[in-house]
Amino acid sequence: MTTHFANYIDGEWVNGAATFDNRNPAHTDELVGTFAKGTARDIEAAAAAAAAALPGWSGLSGPARGSILYQAADILDRRFEQVAADMTREEGKTLPEAKGEVRRSINILRYFAGEGARMPGMLVPSERDRVHMFALRKPVGVVGLVTPWNFPSAIPAWKLAPALICGNTVVLKPASAAPLSAWRIVEALHEAGAPKGVVNFVAGSGGELGKALVGAGPLRAVSFTGSCEIGSWLHGEASKRRLRIQLEMGGKNPTIVLADADFRSAVENVVNAAFFSTGQKCTATSRAIVEDAIYDRFVEAVVERTKKLKVGDGMQPGIEIGPCVDEAQMETVLRYVEAGRRESGEPKCGGRRLAENGLDQGWFVEPTVFADVAEDHVIAREEIFGPVLAILRARDFEDAMRIANNIPFGLSSSIQTSNLSRAFEYIYRAEAGLLTVNLPSAGVEYQLPFGGTKDSSFGPKEQGPAALEFYSDWKTVYLKY
Ligand code: NAP
């Protein structure tokens with residue numbers, strides 16, 4: 001029997017005329033569920049419900065709002081195994097990766113639940129006698145949240161939790177390729193007792209719903225994570241209405257590998273960051289920039305390690321790399337592989353769709369390594385969002401820094417070195433919002449600000465205490481006593 005998932009508007013589970021399928025990218029014959037296909041009218045109804053719920057929700061104390069988030073976290077925790085399995089089935093990442101992500105979502109809900117009791121304001125001395133000066137936070141209002149498929153639980157969680165704890169009400173539009181993981185969080189918030197209209201969920205076509213959302217009268221802000229193309233369009237539309245906007249978009253993330261690095265760990269870190277989650281992390285390494293002195297040995301070691309990666313259905317034990325999320329994503333990856341072949345030559349490993357041993361029912365691509373990639377090659381400049389690594393040669397540290405920064409993106413960046421001075425030099429000069437040293441470029445936690453720079457991002461950062469800046473406004477008070 002197929003499970004059906006309705007939209008959630010004004011505290012009710014709502015179905016419409018149409019549905020769409022959510023399929024397992026590892027076995028496309030497996031229907032994970034059907035979803036109600038929301039319309040522009042649903043978005044309008046959701047925004048109106050959110051507006052009506054705003055005074056009540058924002059009027060609750062921070063700890064009272066926090067207690068709903070704590071309860072939602074507990075509900076997800078009780079369903080941990082089920083929710084993680086749902087994610088593997090709808091998105092394709094391996095079950096251990098899905099478990100890690102669901103754990104992170106639960107932690108995010110609890111972290112921001114705690115902010116309800118802190119919600120730091122400002123109190124400063126006045127220059128005037130007997131004047132008391134302070135600033136307190138107030139919610140922004142109705143906020144639209146638009147999320148991608150690659151972290152289908154954590155990204156909705158890291159937008160929903162700070163939005164709600166600050167007293168806003170929300171309309172969430174999840175990615176069509178993987179809406180179930182976000183739906184599970186909304187279900188948990190519903191069961192935790194979120195008042196009607198505070199959280200609204202409308203799944204369906206991004207084009208139709210996105211347009212309706214950014215045009216919805218009550219909306220005051222939009223937080224978007226996804227591609228640069230859609231983010232830029234949304235930015236233009238939101239600016240026309242002077243909506244507050246936060247955009248987290250694509251990357252072309254470098255890992256610099258210096259000759260003095262711990263060689264084995266550098267190989268592991270690059271392979272991990274390039275291929276885990278099938279390279280479908282916004283923070284994945286897609287350019288390894290390797291110092292000349294160890295270049296050939298490093299390429300050889302990365303290729304050897306990559307060939308050992310086990311690709312398959314993420315539900316199976318021992319599988320390290322799952323499928324691309326859908327056929328369109330797989331076709332995009334294969335097109336970039338062909339572009340790589342034309343410009344950089346035959347890949348050192350991988351480079352084709354995998355269809356043997358039962359994989360023909362899914363969207364699997366071999367982890368692919370290109371070496372001797374030049375800076376101006378397409379695969380060194382454009383985001384691929386799949387299991388493809390380009391290895392570039394750098395003369396020395398200075399050359400590696402130049403190559404790493406010579407790109408319009410600025411999301412994550414990494415260096416592998418045992419030289420502390422080089423590491424600090426890199427930290428100060430790297431043009432990216434998220435840096436790692438002797439770790440994979442991917443694998444962030446929720447307690448610190450998250451977000452990029454340059455064309456990768458726009459607006460205030462997400463996660464950590466920084467998240468409060470986007471989801472709250474300051475009210476400044478001068479009081480004579
Ligand atoms: P996408 O195609 O831009 O879609 C993102 C979301 O926008 C989906 O919910 C999509 O709905 C919706 N959408 C589509 N058209 C829209 C429109 N006209 N107006 C408003 N919303 C619209 O991105 P994706 O393929 O899901 O995700 C991959 C991209 O996300 C990559 O570029 C990756 O780097 C980026 N990403 C960035 C971060 C970060 O923090 N910087 C994190 C994760 C992912 P449908 O699914 O219905 O089309």
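Axes here are lines fitted to C-alpha atoms, for helices over the stretch in contact, and angles run from 0 to 180 degrees between N-to-C directions. I note at the start that this is a predicted model.

**Entry 1: a helix on a sheet**

I looked up helix H10, residues 295–307. H10 lies across strands S13 (253–257), S14 (285–291), S17 and S18. Against S18, H10 runs at about 170°.

I then traced the open sheet, which has six strands in the order S17-S18-S14-S13-S19-S20. The pairing is parallel. Strands S17 (368–370) and S20 (434–437) are at the edges with a single partner strand each, so one side of each has no neighbour in the sheet. From one strand to the next, the twist averages 20°.

S17 and S18 (residues 388–394) are joined in the parallel sense over three bridges. In this pair I found Val 369 opposite Leu 389 of S18.

**Entry 2: helix H3**

I turned to helix H3, residues 80–91. Its twelve residues, at 1.5 Å a residue, should span 16 Å, and I found the end C-alpha atoms 16 Å apart, which agrees.

Among the buried residues I listed Phe 80, Val 83, Met 87 and Glu 91. The buried residues pack against strands S4 (19–24) and S5 (27–36), and against helices H2 (62–78), H4 (95–115) and H6 (180–191).

Last, I looked just past the helix. Gly 92 follows H3, and its phi is positive, near 100°.

Technical notes
Residues are numbered from 1 along each chain as its sequence is written. This is a predicted model: local features need pLDDT of at least 70, side-chain atom pairs count only at pLDDT 80 or more; totals for chains, interfaces and linings use all residues. Side-chain values use heavy atoms; hydrogens and water are left out. Two strands pair if DSSP finds at least two bridges between them. Helices (H or I, at least four residues) and strands (E, at least two) are DSSP runs, numbered from the N terminus. Contact means heavy atoms within 4.5 Å. The expected span of a helix is 1.5 Å times one less than its number of residues. Buried means under 20% relative accessible area, exposed over 50%, partly exposed in between (1.4 Å probe, protein chains only).
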